[in-house]
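Please keep the sequence and the structure at hand while reading.

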Amino acid sequence: MTDLNFITVEWDADLAIVTIDRQDKLNALNADVVRELGEVFSGLQDDDNVLGVLLTGAGTKAFVAGADIGELAQMDSISGVRVSRDGQDVFRSIERFPKPVLAAVGGYALGGGCELALACHMRIASDRARFGLPEVGLGIIPGYGGTIRLARLVGLGRAIELTLTGDMVDAERAHAIGLVSKVTAPEELMDEAKALLRKVTSKGPVAIRLALESMYRALDTSTAEALDYESTLFGLLASTEDMREGMQAFLEKRKADFHGR
Ligand code: COA
């Protein structure tokens, strides 16, 4: 990992806490932040000490207030495609990350910030969070996967309404439409996020990885292919130490001690 200017990585036991820190611009994603985000996730992917990643924004005001509008204002149609692709690639690497990634949203998650939260596997918000895709008000569309992922999460009708109006929704509404799993008080956000992520990372790591793999693959294939794939992964898990440990622990009425093998 090269030097990071806009992202910090801390460890809480086997969780990596990744914080986007560009507070003077409400953590807006310029090209450097996007590149650093890609480098951080690529570095964490092969780190056996990391069981899960918690992604958040520094400060109390924003998770991420979008792509950097100052940079976007300079783009032409060639660089526009590149800007979109670069963001999409990094967000896709987060979506395909083999360990659970949870977004903890304590403030504005707008435009690219909302799209970033959508690329994570789960989202939890404080009651100060605001979500929205305001891009059409700037004469553009969401370009980091938002036109695809929002509809998958909250349904096409709601996604169309949010995308075409550019309206923000508060945390309570985000929870009601399935955009976030839980809403907390601001001071409890990180503890609640860690507790949720730890619940996931206490399960069999290979099972978690393959559950994500099966669910995301199913979005891109027919039901028949997805079912075939699910059976293959199910069979694969039968060869793991984790499966033997998980079932043995149940039968012996004790907590499983998984090793991700
Ligand atoms: N890109 C670049 N800079 C941004 C930004 C973005 N997406 N969002 C906020 N900023 C900057 C502001 O320009 C301001 O910088 P300055 O102090 O140098 O002028 C700083 O962050 C603070 O933002 P400000 O607008 O003063 O805060 P606010 O509390 O009045 O409003 C928002 C907060 C989030 C409502 C407002 O900043 C906003 O609408 N941001 C843009 C959201 C957006 O359209 N995102 C999608 C982009 S594709």
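Asn-27 has its place in the loop between S2 and H1, and the model in which we see this loop is a predicted one. The phi angle of Asn-27 is near 60°, which is a positive value in a residue other than glycine. Because its relative accessibility is 0% and the cut-off for buried is under 20%, Asn-27 counts as buried. Leu-26 is found in this loop too, between strand S2 (15-20) and helix H1 (31-45), and the phi angle of Leu-26 is likewise positive, near 50°, in a residue other than glycine. Leu-26, however, has a relative accessibility of 25%, so it counts as partly exposed.

From the loop we turn to the sheets. As a general point, strands of a sheet pair through backbone hydrogen bonds, either parallel or antiparallel.

S7 in turn pairs with S10 in the parallel sense over three bridges, where Ile-124 stands opposite Lys-182 in S10.

How many of the five residues of strand S7 (residues 122-126) are buried? Five of the five are, and the strand is mostly covered. Met-122, Ile-124 and Ser-126 point one way from S7, while Arg-123 and Ala-125 point the other way, and all of these residues are buried.

**The sheet of four strands**

A second open sheet is formed by four strands in the order S4-S6-S8-S9, again with mixed pairing. Its edge strands, each pairing on one side only, are strand S4 (62-64) and strand S9 (168-170). The twist from one strand to the next averages 20°. S4 and strand S6 (residues 108-110) run parallel and are joined by two bridges, and Val-64 stands opposite Ala-109 in S6.

**Helix H4 and the cysteines**

Why can helix H4 (residues 112-119) be called largely enclosed by the rest of the structure? The reason is that eight of the eight residues of H4 are buried. Among them are Gly-112, Gly-113, Cys-114 and Glu-115.

In general, a disulfide is a covalent bond between the sulfur atoms of two cysteines. When a disulfide is taken as a pair of cysteine sulfur atoms within 2.5 Å, the count for this model comes to zero. Cys-114 is in no disulfide, for the nearest cysteine sulfur, that of Cys-120, is 11 Å away. At 3% relative accessibility, Cys-114 counts as buried. Cys-120 is in no disulfide either, its nearest cysteine sulfur being that of Cys-114, 11 Å away, and Cys-120 also counts as buried, with a relative accessibility of 1%.

**Around the ligand**

Which residues come nearest to the ligand? Of the 17 residues around the ligand, these are Lys-25, Lys-61, Ala-65, Ala-67 and Ile-69.

| Residue (backbone atom) | Ligand atom | Distance |
|---|---|---|
| Asp-24 | oxygen | 3.4 Å |
| Ala-67 | nitrogen | 2.9 Å |
| Ile-69 | nitrogen | 2.9 Å |

Taken alone, the ligand exposes 870 Å², and the protein buries 60% of that area. The elements that give two or more residues to the shell around the ligand are helix H2 (69-72) and S6.

Technical notes: Residues numbered from 1 in each chain as written. Predicted model: local features only at pLDDT ≥ 70, side-chain atom pairs only at ≥ 80, totals over all residues. Heavy atoms only, no water. Pairing = 2+ DSSP bridges. Axes fitted to C-alpha atoms, helices over the stretch in contact; angles between N-to-C directions. Buried < 20%, exposed > 50% of the residue type's maximum accessible area, 1.4 Å probe, protein only. Near = heavy atom within 4 Å. Polar contact = N/O pair within 3.5 Å; in protein donor to acceptor, adjacent residues only side chain to side chain. Areas by Shrake-Rupley, 256 points an atom, 1.4 Å probe, with all protein chains shown as cover.
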